[in-house]
Amino acid sequence: MATNLKITPINGPLGAEICGINLANISDSEFEAIHLAWLDNCVILLRGQELTDQDLINFSKRLGTLDFAPVQETGRRFVKGYPEIYVISNVIENGQPIGSLGAGEAVWHTDMSYLEEPPKASMVYALEIPPVGGKTYFCNMYKALELLPNSLQTRINGLRLKHDGTYNSGGYLREGVEAIDDPVTSEGVYHPLICSHPETNRPVLYLGRRRNAYIEGLTLDESDKLLDEIWSYATHEEIAWGHKWMVGDVVLWDNRCTMHKRDSFNPETRRVLHRTQIKGQTRPSA
Ligand code: SIN
């Protein structure tokens, strides 16, 4: 089948834009090209898509089994009948938030790294976008590792980091979890700080998020100092790219080699995005 698919790397440390396809109807060879572009560029952007929730799920399933939407601050927020779809929104309807994360800043993180098997990918479709703010930034964690001085890389090699399961990236307590601000005892799971990406085999820094993070075997003070040093390199602007959303955008990112954060926006304006989370070859192996 002939295709108009065109891949253009974004002029930056990660990301590529893919044009000329309708994600609701793609061939196997188009899927293969998208998959390779995603592995090579860590994040891909497709504009002007018109997808139903079922289309979003169908495409996401080509990448692997889907995770259900995570438990959020005020209970599950997913689309009725589609537990795989996580709604990111500040919109309140009938006195209830229709989604998660509100209108505030969401700090740097990688999705659901507090699980033993975090999702390898997240795919977000933009339904409503405010005129100003709410931009999402991505940073390249292969390059973050390269930015660390050799001595620091050697120091952290073999260490494991606890990824906190208490708070989400918007700073909200997850439902059913106790509010504990001691990183040593808070809920979470350990992953190696330096991993190798299971599909590209490239070494990568795996940080998750800063709040309540804790490096196994160190005192809290030692752990905090070392983490602050690592984080001072990890989100440097030279390895990050900011995406200004338009309605119809689809962004697919690789949680194993990127982190992302989101700017705040005017809470009087509406922002609605639907996200899937894809399991499979998820945990970066050391
Ligand atoms: C997220 O998945 O962390 C939210 C990203 C966004 O709101 O742009």
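**Cysteines**

I began with the cysteines and counted zero disulfides, taking a disulfide to be a pair of cysteine sulfur atoms within 2.5 Å. I was working on a predicted model, in which local features need pLDDT of at least 70 and side-chain atom pairs count only at pLDDT 80 or more, while totals for chains, interfaces and linings use all residues. Residues are numbered from 1 along each chain as its sequence is written, and side-chain values use heavy atoms, with hydrogens and water left out.

For Cys19 I looked up the closest cysteine sulfur, which belongs to Cys42 and lies 19 Å away, too far for a bond. Cys257 is in no disulfide either, although here the nearest cysteine sulfur, again that of Cys42, is 3.8 Å away. I then noted exposure, where buried means under 20% relative accessible area, exposed over 50%, and partly exposed in between (1.4 Å probe, protein chains only). Cys19 is partly exposed at 34%, whereas Cys257 is buried at 0%.

**Salt bridges**

My search of the whole structure for salt bridges (a side-chain nitrogen of Lys or Arg within 4 Å of a carboxyl oxygen of Asp or Glu) returned 13. I followed up several of them.

Next I took Arg202 and Glu146, which form a salt bridge through their side chains at 3.9 Å, N to O. Arg202 sits in the loop between β15 (194–196) and β16 (203–205) and Glu146 in helix α3 (residues 141–147), so the contact ties together parts that are 56 residues apart in sequence.

Which residues are linked with Asp254 and Arg256 in a network of salt bridges? I found that Glu199 joins Asp254 and Arg256 in that network. Within this group, the side chains of Arg256 and Asp254 meet at 2.9 Å, N to O. Arg256 is buried, with a relative accessible area of 1%, and Asp254 is buried at 0%.

Key. Helix = DSSP H or I, 4+ residues; strand = E, 2+ residues; numbered from the N terminus.
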